[in-house]
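Hi,

Here is the structure I promised to hand over. Please open it first, then read on.

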Amino acid sequence: MRPPLLVIAIVGLLLTTAGAPPAVAQAACGERDLIVASLLDTHNEVPVARGLATGGVLIEVLVAESGTFTIILTHPTGVSCLITAGDFWEALPADRFRQK
């Protein structure tokens, strides 16, 4: 079974920030409800995908119609951290990955 594309992307992101200076590598963290509300208010981003990772960590992707996106991780303790954000999000059709 192949790993989901989102997991591959997040692992790649984590590997690219592993050697970053502490100020760059630090993530903004806080209460999930406040972070999600803030992303809605400031960027019109809403959750569109989520998955449960090893250790009970919830991974969520929030996207706006404008194409901006944010990926957050929520730990079992309830603390959420912003992992990355960007532009030009594109949702791919699920059948694109199915074997024929």
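Below are my notes on it, from the whole chain down to single residues.

This is a predicted model, so local features need pLDDT of at least 70 and side-chain atom pairs need 80 or more, while totals for chains, interfaces and linings use all residues. Residues are numbered from 1 along each chain as its sequence is written, and side-chain values use heavy atoms, without hydrogens or water.

**Overall layout**

The protein has three helices and five strands. Both are DSSP runs, numbered from the N terminus: helices are H or I with at least four residues, strands are E with at least two. The order along the sequence is α-α-β-α-β-β-β-β.

The protein has 100 residues, and 23% of them count as buried. Buried means under 20% relative accessible area, exposed means over 50%, and partly exposed lies in between (1.4 Å probe, protein chains only). The protein exposes about 7,200 Å², with 62% supplied by carbon and sulfur atoms. Those areas come from the Shrake-Rupley method with a 1.4 Å probe; for residues, only the protein chains shown count as cover.

**Strand pairing**

Two strands pair if DSSP finds at least two bridges between them. S4 and S5 are antiparallel, with six bridges. Thr 74 has Ser 80 in S5 as its bridge partner. Four residues lie between the strands of this hairpin, and Gly 78 there has a positive phi near 100°.

S5 also pairs with strand S1 (residues 29-31), again antiparallel, over three bridges. Here Glu 31 is opposite Val 79 in S5.

**Two positive phi angles outside glycine**

Asn 44 is not a glycine, yet its phi is positive, about 60°. Look for Asn 44 in the loop between helix H3 (32-43) and strand S2 (46-52). Asn 44 is exposed, at 56% relative accessible area.

Phe 88 is not a glycine either, and its phi is about 65°. Phe 88 sits in the segment after strand S5 (79-86). Is Phe 88 buried or exposed? Phe 88 is exposed, with a relative accessible area of 77%.

**A buried loop residue**

Thr 68 lies in the loop between strand S3 (58-63) and strand S4 (69-74). Thr 68 is buried, at 17% relative accessible area. Leaving out residues up to four places away in sequence, Thr 68 touches His 43, Glu 45, Leu 62, Val 63, Gly 86 and Asp 87 (contact means heavy atoms within 4.5 Å).

Best wishes
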